[in-house]
Amino acid sequence: MDERAKKIQLDREISSAQRSLIAQLKQESTDAKRNAIRNAGQAKAEASSHNAKRRIRQAEKRLQRRRVLLQEEAEHKRDLQRERQELIDQTTQKASDDRNARARSGE
């Protein structure tokens, strides 16, 4: 009977150890899942941040190209205005010269 009691006691200890090990493995599994979800969320946030930074850089490049185009357009308009003013000045000068020539010939 003593031998049988020892066997029963060992079986109980083994069963208790197995239950404890199973509970520990379940907890580790739950923790691992939780950490995996947290890490995935963090990776997603980092990727999102990276994408946002990339979009900002692209927008800055577009803005810089737009500024260059606007500057070129403004320079072109100034050149056209300068040419227009030169033509007006030439026309005014020619009209003035013609009036002076007529006035001299009419004297």
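User: Which side chain meets Asp79 in a salt bridge, and at what N to O distance?

Analyst: This is a predicted model, where local features need pLDDT of at least 70, side-chain atom pairs count only at pLDDT 80 or more, and totals for chains, interfaces and linings use all residues. Residues are numbered from 1 along each chain as its sequence is written, and side-chain values use heavy atoms, with hydrogens and water left out. A salt bridge puts a side-chain nitrogen of Lys or Arg within 4 Å of a carboxyl oxygen of Asp or Glu. Asp79 meets that criterion with Arg82, at 2.8 Å.

User: How are Asp79 and Arg82 separated in helix α1?

Analyst: Helices are DSSP runs (H or I, at least four residues), numbered from the N terminus. Asp79 and Arg82 lie 3 residues apart in helix α1, so the separation is about one helical turn.

User: Is Arg82 buried, partly exposed or exposed?

Analyst: Buried means under 20% relative accessible area, exposed means over 50%, and partly exposed is in between (1.4 Å probe, protein chains only). Arg82 has 46%, so the class is partly exposed.

User: What is the N to O distance between Asp31 and Arg34?

Analyst: Both residues sit in helix α1 (residues 2-106), 3 residues apart. Asp31 is partly exposed at 29%, and Arg34 is partly exposed at 45%. Their side chains form a salt bridge at 3.1 Å.

User: What relative accessible area does Lys94 have?

Analyst: Lys94 pairs with Asp98 in a salt bridge, N to O 3.6 Å. The two are 4 residues apart in helix α1, about one helical turn. Asp98 is partly exposed at 35%. Lys94 is exposed, with a value of 52%.

User: How many salt bridges does a search of the whole structure find?

Analyst: Side chains of opposite charge can pair when their charged atoms come close. The search of the whole structure gives a total of 4.

User: Which residues form the positive surface patch?

Analyst: Patch residues have over 30% relative accessible area and no salt bridge, with like charges joined within 9 Å. Arg54, in helix α1, is partly exposed at 33%. The positive surface patch consists of Lys53, Arg54, Arg55, Arg57, Lys61, Arg62 and Arg65.

Notes
Patch = residues over 30% accessible without salt bridge, like charges linked within 9 Å, V, L, I, M, F, W, Y side chains within 5 Å. Areas by Shrake-Rupley, 256 points an atom, 1.4 Å probe, with all protein chains shown as cover. Lys, Arg positive; Asp, Glu negative; His and termini not counted. Charge placed at Lys NZ, Arg CZ, Asp CG, Glu CD.
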